[in-house]
Amino acid sequence: MKLHPMIAALRKHKAGVVLIALQIALTLAIVCNAIFIIGQRIDRVNRPTGLDEGNLFLATQQWVGAPSADTPDGVARLDAMLKEDLAALRNLPGVASVAPINSVPLLNSSWNGSVSTKPDRKFSDKGDNVRTTYYFSDENVLPVLGLRLVAGRNFTAADVQHQGFRDNPPRPIVILTKDLADKLYPKGDAVGKAVYIDGSGSPSTIIGVVARLQVPGSGTWTNNFAWNSTLVPTRLNANFSRYAVRTKPGQLDAVMRTVAPTLYKVNPLRVLDDDSVKSFGDIRAKAYRADVGMAILMGVICLVLLSVTAAGIVGLTSFWVGQRHRQIGVRRALGARKVDILHYFQLENLLIAGSGALIGIGMAVGLNLALMRYYEMDRLPVLYTLIGVIAVLVLGQCAVFVPARRASNVPPVTATRAV
Amino acid sequence: MFAYYLQLGMRSLRRNPALTTLMVMAIGFGVAASMITYSVFRAVSGNPIPDKSGQLFTPQVDAWGPQQNLKGEPAEALGYVDAMALMRTLHAKRQTLLYMVQMSVMPDGERDLPLNANGYAVGGDFFPMFEVPFQYGAAWSRQDDQSRAAVVVISAELNQKLFGGADSVGRSVDFGGHDYRIVGVTRPWNPRPRFFDLFSTQGFEEPSDFYMPFNRALDLQMRTGGRNSCRGKLDFTTWDGWLQSNCVWVTPWVELDSAADVASYRRFLESYAADQQKAGRFDWAPNVRLRNVTEWLDYEHVVPPESRMSLLVSLGFFLICLINTVGLLLAKFLRRSGEIGVRRALGATRREIYTQYLIEAAAVGLAGGLVGLLLTAAGVSGVGLLFPPKIAQLAELDFSLVGLTLLVAVVATLLAAFYPAWRAARVQPAWQLKSN
C-alpha cells in the first residue's frame, strides 16, 4: 500500500490529525515518567530492612517527673526504672525477647554521626569519615530484631553499659553492618579492628558484623548511607525509653494490647498515647505512605489517561469512517478487499501515532529533565521510553480496530448511492 | 434563544450517548485529578500570616563556618550564645526566641494519669508578633520575661481538657512538678504551615498545648523537645557545656516594619558577625541571612515535593483530556454539517451557529464538572493515601473548591470548544444542500 494517497487524505483532516498526534505525544510523555516514578517508588519500598519484620513491635513511653539525665545519680535512677520495665515486658506471656533501643529502621528518628578508621578526625575531613546511624541497645538486639550475624560475635550481658542520653563516653566495642564494615575495611577483615566514632580519639573494637540493617531515616537524604548502621551495647537513659519486643508467632496483637496496662502497673507516672505501641508493619506503612500513595496515584492516572486517549482515537476515527463512507464504497466497488480497507485505517493510525510518539519522546525527556531539576529524580532510562512508545502504538492499533472493522464492512453498493 | 439552544444541545448530546459520556467522563476525570491535587497544594502552600508575612524576619548567623555549614548557608537556627547576644540589644520593634518543649501535666483531681503536653518556650512578644488570638486573659509582659515568672498561656484545647473550657485565668496548673499561673487562654490557633518553627517541625503539626516564658525554661534547664543540630566535637556533658557548644536549637524572630528597619537590622547582624570574627570566635567572614516569612517558607521547602509533582502531573492529564475533548467536539459538530447547512440556508447567522455550539459545549462542561465534583469529593477523602494525615486533613471540599471545580470544567470546555464551534460556523450551506 502506498503512503502517498494516505498522507494526501490526512491533509484534509489537519485538525483531527494534529489533535490525535498531540494527545499521543503528551500521553507518552506522562506515561513514561509516571511508570518510571512508580518503578522507583516500588524499588524503594521493597528494600529489605534486614529485620525479621513479623511478630515485632515497638513501645515508646515517657516518664513524668523523672530524674534528670544530666546527673550521675539521675542516670542511675533512670536506668533502674528502665530495667524494671524491661523485666516486666520480658515476663509477659507470649513475649519471646525484649531489647531497649533508641530507634528502629523506618522510624524516622535517628542518631547519626560518622565513623573513621583513624583517630581524631574532624567532621570536615572528607574521605575518611563514613556516615552512619547509631543503634543503642543491649545483648538481646540481634534476636529481637532478627539480625543475621555474618562474622564475629554478638554482645554479651557483660558488654552492656548505660549512659545519660546526652553523654558521650568512650565506646569500647561495636557491631557494624556488612556494608559499613566493607567501606571501612574493604578486605572484609573488619572483625577485631578499630573504628573511631564521631572524631573520637579512643578506639572502638569491631566485635561482629551483621548482614544488613537499614537506618531509621526513610527519606531520600539517607540514600547514601541507608545500610551503614552501628550497634552500640549501651542502654540510653533519658526521661523517655523505647522497647523493641519480639513476640511468639501469632501473638503480636495480644501482647501489644497488654503493654500499656503492664507498664502503668510498674509505674503510673508516665505517658503512653495512642501512638506509643506500634507494630513494625505499621511503622513500615507509615514510612512508605507517600511512596506507595505516589505509585498508586501515578498508576491510576496512567490507566485513566490511556483509556481517555484510546477513547479519543475511537471517537475521531469513527467520525472519519462516517465521513468517508462513500469513498470507502467506491474503493470497495473498484476491487479493494475488506482487509485492504481495514489495513488502510490501521496504517493511517500507525502513521499518526508514530509521529505523535516521535514528538512524545522529546516531551518525555523534557519532562524528565524538568522533574530532575526540581525533584530528586534520576534520568529516564531509554528502556522506559521504548516501552512507552510501544504501549501507545499498541494502544492506537487496539483503539482503531473497531472503527476500522466497521469501515471494512461498508458494502460496495454505497458507491452508487448519493449519501 | 438561549433556552432553545440549550434544548437543541441536550437533544444532540442524547443522540450520541457514547460520545457524550466519553467527553463528560474525560472532563470529569481531568478536572477532578487537578482539583484534588490542587486542594492539597493550596493547603500546604498557603500564607499562614498574610498581613504580616513581609514584616516578620528570622535572622540567621553562621556559627559553623564554611567547612561545616549547609553548603554555604548558615544553620537554620541559632545556638544559645548567638541567640542571647542578638536579643540582648533591642534592635527590632518586637523580638522573640523560641524552642519546642515537652512537659507533662501532672495528675490532678479526676485525672489519675499524666497528660502529655507539647508547647514552646517563647518571649512575651511572641503573642502580638504572631497575632495569637486570646479567648481569656492576655500575653505575659516583658516584666514577666525579665522576672523569669512561672506563668503560662495554654491553648483552648488544653483548657478544655483541664478546666472544661471555663475561664481558667489566674488558676494554676502543675507541669512536670512545677506550678504555673495561667495568664491567658488562646483561641484555637494553629497556623499551617507552622512558619515560626520550621526547624523542629515540617510545618504541619497538631496545635501546641501551651506557651511558657523562654527564660523560665532555661532556668529549669529544659532541653529542647525539638531538633538539636550540632557540629564540632560533642564532648560536653553538662547543661552549660551544651549551651556553650556549637549546637543550634533556638529559632529567633524579629518584627521590622520598614525597609529602613530591615536594612538597619541586617547591618546589625553583619556587625555582630564581624565582631565575633574579630574576637576570634569565628574564623570566617560574616555570613548572615535575614529572611521574611515567605522567603523562609520557600527556603525550608515547606511544600512537599509530592504535592507539586502530583499537581503538575494532574494538570498535564487535564490538558490531555481537553485535547481529547477538542477532537471529539470537532467530530460531533462536523457530523452535523448537513443540519448546519440547512439552518444557515434558512437565515441563521454564523454568530448564531457559533453561539449554539458553544452553549452545547458548555452543557458538556457543566455535566463534566458535576462528574468531576463527585470524583473530587471521593478523591479528597482519599488523599490520606498520598500525604501524611497531618497534611491530608487540610485538604477539604469547601464552597470555593466546589465553585472552582464547576467553573474550571465549564471554562475549560468552552476553551476547547472555540475551534470546533468556529469550524461548525464556517460550514458552507451550498455544499451541504447540494450533497443532500
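Mentor: Two residues are in contact if their C-beta atoms, placed from the backbone, lie within 7 Å. This is a predicted model, where local features need pLDDT of at least 70, side-chain atom pairs count only at pLDDT 80 or more, and totals for chains, interfaces and linings use all residues. Residues are numbered from 1 along each chain as its sequence is written, with chains lettered from A in the order written.

Trainee: How many residues does the contact take from chain A and from chain B?

Mentor: Chain A gives 44 residues and chain B gives 45. On the side of chain A that touches chain B, helix H2 (14-45) and helix H8 (289-323) of chain A each give two or more residues; helices are DSSP runs of H or I, at least four residues, numbered from the N terminus. H8(A) supplies the largest share, 17 residues.

Trainee: How is a packed helix pair described?

Mentor: By the angle between the axes and the distance between them. Here helix H11 (residues 305-335) and helix H15 (residues 399-425) of chain B have axes that come within 9 Å and cross at roughly 35°. Axes are lines fitted to C-alpha atoms over the stretch in contact, with angles from 0 to 180 degrees between N-to-C directions. Residues making this contact include B:Leu322 and B:Phe333 of H11(B) and B:Ala416 and B:Tyr419 of H15(B).

Trainee: What does B:Ala121 touch?

Mentor: Leaving out residues up to four places away in sequence, B:Ala121 touches B:Leu98, B:Tyr99, B:Val101, B:Met212, B:Pro213, B:Phe214, B:Ala217 and B:Met222.
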